[in-house]
Amino acid sequence: MEAVSSEAFESMPQGRYNWQHLMLRTKYSFRLFRNPKTMANVKTAFEEVERAFGFKIRELGFGEDQAHVHMVVEVPSKFSMSQTLQIFKVHSSKRVFEQSEGLRKRYPQGHLWSDYRYSGSVGPMTEPTVKTYIQKQDIQQRTLAEFSS
């Protein structure tokens, strides 16, 4: 998994990517990633998801608290964010529990990840870029209220 610079984002064809910043937290904020084996299992599971479903992980990092993971992922347009998060959570949970049977004692219900998660879009356009683009459109500038009248 390679890092992508802002120049790489800008060189991609417009409208051809859906980059998302995802964050997943372990259930009960247990410091699961103190164990390098568990970290490796989660990373391997995410790589398997990449190959099986067509995602592209550009950046992957485990949090300093050793209880969460951040990723920058290109999400195929056929998946919603809810589906994307579910795929990553289910696949990684299954793999971690298969490889670390002792974790069943801590997570008897088989829920590795908490319900808390974050997702946000990532891309080359900032708010000023979008505002400038909108202001340069052919339609005479009007406020939202004026469009509805």
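How many helices and strands does the secondary structure of the protein chain come to? The count is 6 helices and 4 strands. The model is a predicted one.

## Chain overview

Read from the N terminus, the elements of the protein chain follow the order α-β-α-β-β-α-α-β-α-α. The protein chain has 149 residues, and 34% of them are buried. Of the contacts between residues at least 6 apart in sequence, 69% join residues at least 24 apart.

## The sheet

The 4 strands of an open sheet are arranged as β2-β3-β1-β4, and their pairing is antiparallel.

One of the pairings joins β1 (residues 19-26) to β4, in the antiparallel sense, over 7 bridges. Within this pairing, Leu24 has Arg117 of β4 as its bridge partner.

## Helices on the sheet

Helix α2 packs on the sheet and touches β1, β2, β3 (68-74) and β4. The direction of α2 makes about 165 degrees with that of β2. Helix α3 also packs on the sheet, where it touches β1, β2, β3 and β4. For α3, the angle is given against β1 and comes to about 45 degrees.

## Packing of α2 and α3

Two packed helices are described by the angle between their axes and by the distance between the axes. For helix α2 (residues 36-53) and helix α3 (residues 81-99), the angle is about 135 degrees and the axes are 9 Å apart.

On the α2 side, the contact is made by Lys37, Thr38, Asn41, Val42, Thr44, Ala45, Phe46, Glu48, Val49 and Phe53. On the α3 side, the residues are Ile87, Phe88, His91, Ser92, Arg95, Val96 and Gln99. Sorted by class, the contact of α2 with α3 contains 8 nonpolar, 6 polar and 3 charged residues.

Terms used: Residues are numbered from 1 along each chain as its sequence is written. This is a predicted model: local features need pLDDT of at least 70, side-chain atom pairs count only at pLDDT 80 or more; totals for chains, interfaces and linings use all residues. Side-chain values use heavy atoms; hydrogens and water are left out. Axes are lines fitted to C-alpha atoms, for helices over the stretch in contact, and angles run from 0 to 180 degrees between N-to-C directions. Helices (H or I, at least four residues) and strands (E, at least two) are DSSP runs, numbered from the N terminus. Contact means heavy atoms within 4.5 Å. Ala, Val, Leu, Ile, Met, Phe, Trp, Tyr, Cys and Pro count as nonpolar, Asp, Glu, Lys and Arg as charged, and the others, Gly among them, as polar. Two strands pair if DSSP finds at least two bridges between them. Buried means under 20% relative accessible area, exposed over 50%, partly exposed in between (1.4 Å probe, protein chains only).
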